[in-house]
Amino acid sequence: MAKTENTASKMRPAGGGGRGPIVPVTEKSKDFKGTLIKLLSFMKPFYGSLTIVFIFAVSSTVFSIFGPKILGNAIDILFDGTLNTIGGNTPKGIDYPALIKILLLLSGIYLLSALFSYTQEYMMAGISQRIIRKMRTDVNYKLHRLPLNFYDTKTHGEILSRVTNDIDTIASTLQQSLVQVITSAFTLIGITTIMLVISPLMSLITFVSLPLSFLITKLITSKSQKHFTGQARELGNLNGQVEEMFGGHMVVKAFNYEAKSVGDFQKINDRLYCHGWKAQFITSVIFPILNFVGNLSFVAICVLGGYLTANGRITLGSIQAFITYSKQFNQPIQQISQIINILQATLAAAERVFEILEAEEQVHDPENPVVVENPKGKVDFDRISFRYKPDKPLIEDISIHVKSGQLVAIVGETGAGKTTLVNLLMRFYEVDKGAIYVDDVDISTMRRKDLHHLIGMVLQDTWLFKGTIRENIAFGKRGATDEEVVRAAKLAYADGFIRTLSDSYDTEINEEASNISQGQKQLLTIARALIVQPQIMILDEATSSVDTRTEVLIQKAMKRIMDGHTSFVIAHRLSTIKDADNILVMKDGNIIEQGTHAQLLQKGTYYHDLYYSQFSKEFS
């Protein structure tokens, strides 16, 4: 059953004050240190701006840390003044000028903290988006420079996930967590220092409760880990089942599979429910227990603080400040632990992005490229060899000589190397040995775009883009005029059906091109290739989705418009290549025979058997 990537496998703890459940992250970087160094190196152009952000963040943290201590001084003034009043020492009373000064100072400190915090958040939003914009741009450019075998070894979904989901994960971390780890560290250091200054004895109570909280958290999360893993797995199964059943809903209905589909869904859904409620329940127990430990610590601090106050060893304001700090003490620790989990997932995402950025690029165009003047379409394969994997040879020592204007057909069973041969001509792959010449010019000395201007290619996969029919045909030639679009459509016998559509050439093709038939899509791809008027034409099973009558018309049109031009036709239906000037019969990467249709039939060998196996009924 198909499985889709889901976010459940990347569950992360809630940010902020640490009130959300601590959720284990199941995905980790293979090379944490190495990937972190790469990410920091990528961010190097932004170090100056990041330094300013960190200064503002630290300033905001430092100002906010001193707030409770200063507020404690205000409480001491109120307390002392109240005691003086009760004791009959009315002239002294509460020192309001001093109190007002402290409150103004406190307001100024909190205002500065807020301004520094706002400034760093504003700056970080821009910096993080500039970093991500650069990363997306670099990845996009890189994808255009990668050889075709990179895409052969990875699914479209995998590449799309790296370009979108993984980069979004990095963006989220840069925006939310990068500064937070700095502020949390400084908050922890500052709170610890002030607590020790106020009372080392009361600090000891707070510090003792800390390992107990970590032990409780570790025990509970270890029990919930398997349920979160199961939840992620079953969510992936559920998404895959839904995608599979609704993507193929016509097949499901045609074979009366609805009841079985609903049953399978229910089983997966029940397992997901079981893992989900156990995972959530177990992790939800953490905070009641941690609150209990925290309350015990709070009671102990209050009792000890009262004792110390009664003995005159500490003031009431200092107790109030200490209690505030003790309540804040766990927050930066929880934030740092959460950020570490988030950073693991982020670096795992960055690792996959850097795999693209560091992938080996296709051979670069030469510095002094050769341009074919007055191209004729002559093509020569001179003793070429090629293999996808070093230990598995495919094409070995092949030589082919194609004269200008010839129609060359390439036939053979699946995997024989037919498409590979034309891909080498297009320089989608580079030959391992030998050379390919177009009009006696080695194509490795040409720029790829100059080579592609000489060649029109129509694939079996009828890929169209979202947009109008006019735009899709004009895709084959930048700046094509309306007259050129119509001419190409007529040559491909597409003009007739286009004009029957409601908006003619301005008809919008949707994202899946499902509003036109498969045969019509193929006609448009042929028109797209013809608009550039190439000297060499490649058709890889280009007429496989067209009805017989249209196929005959296209064959006639192709013969007429390619007169004096060279064309390569890859065909499984051998009836379409009877008029070819030369038929190359391939098997296991080698050309085992070649000649005209009549010559090959007369030999009575592989082509003869292949041809009559397709038409045995016709000749029985």
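**View 1. Asp 482 and its partner, Arg 470.** At 43% relative accessibility, Asp 482 counts as partly exposed (that is, between buried, under 20% relative accessible area, and exposed, over 50%, with a 1.4 Å probe and protein chains only). Asp 482 forms a salt bridge with Arg 470, and their closest N and O atoms are 3.4 Å apart; a salt bridge here is a side-chain nitrogen of Lys or Arg within 4 Å of a carboxyl oxygen of Asp or Glu. Arg 470 lies in helix H14 (residues 469-474) and Asp 482 in helix H15 (residues 482-491), so the pair ties together parts that are 12 residues apart in sequence. Helices (H or I, at least four residues) and strands (E, at least two) are DSSP runs, numbered from the N terminus.

A word on the model: this is a predicted one, where local features need pLDDT of at least 70 and side-chain atom pairs count only at pLDDT 80 or more, while totals for chains, interfaces and linings use all residues. Residues are numbered from 1 along each chain as its sequence is written, and side-chain values use heavy atoms, with hydrogens and water left out.

**View 2. A salt bridge between Glu 430 and Arg 448.** Here the closest N and O atoms of the two residues are 2.8 Å apart. Glu 430 sits in the loop between helix H12 (418-425) and strand S4 (433-438), and Arg 448 in helix H13 (residues 448-453), so parts 18 residues apart in sequence are tied together.

**View 3. Glu 358 meets Lys 38.** The side chains of these two residues join in a salt bridge (3.2 Å, N to O). Distant parts of the chain are linked, 320 residues apart: Glu 358 is in the loop between helix H11 (316-357) and strand S1 (379-386), Lys 38 in helix H1 (residues 32-42). Glu 358 is partly exposed at 48%, and Lys 38 is partly exposed at 35%.

**View 4. An open sheet of six strands.** The strands follow the order S6-S9-S10-S3-S11-S12, with mixed pairing; two strands pair if DSSP finds at least two bridges between them. Strand S6 (455-458) and strand S12 (590-595) stand at the edges with a single partner strand each, so one side of each has no neighbour in the sheet. S6 and strand S9 (residues 536-540) pair in the parallel sense over four bridges, and Met 457 stands opposite Ile 538 in S9.
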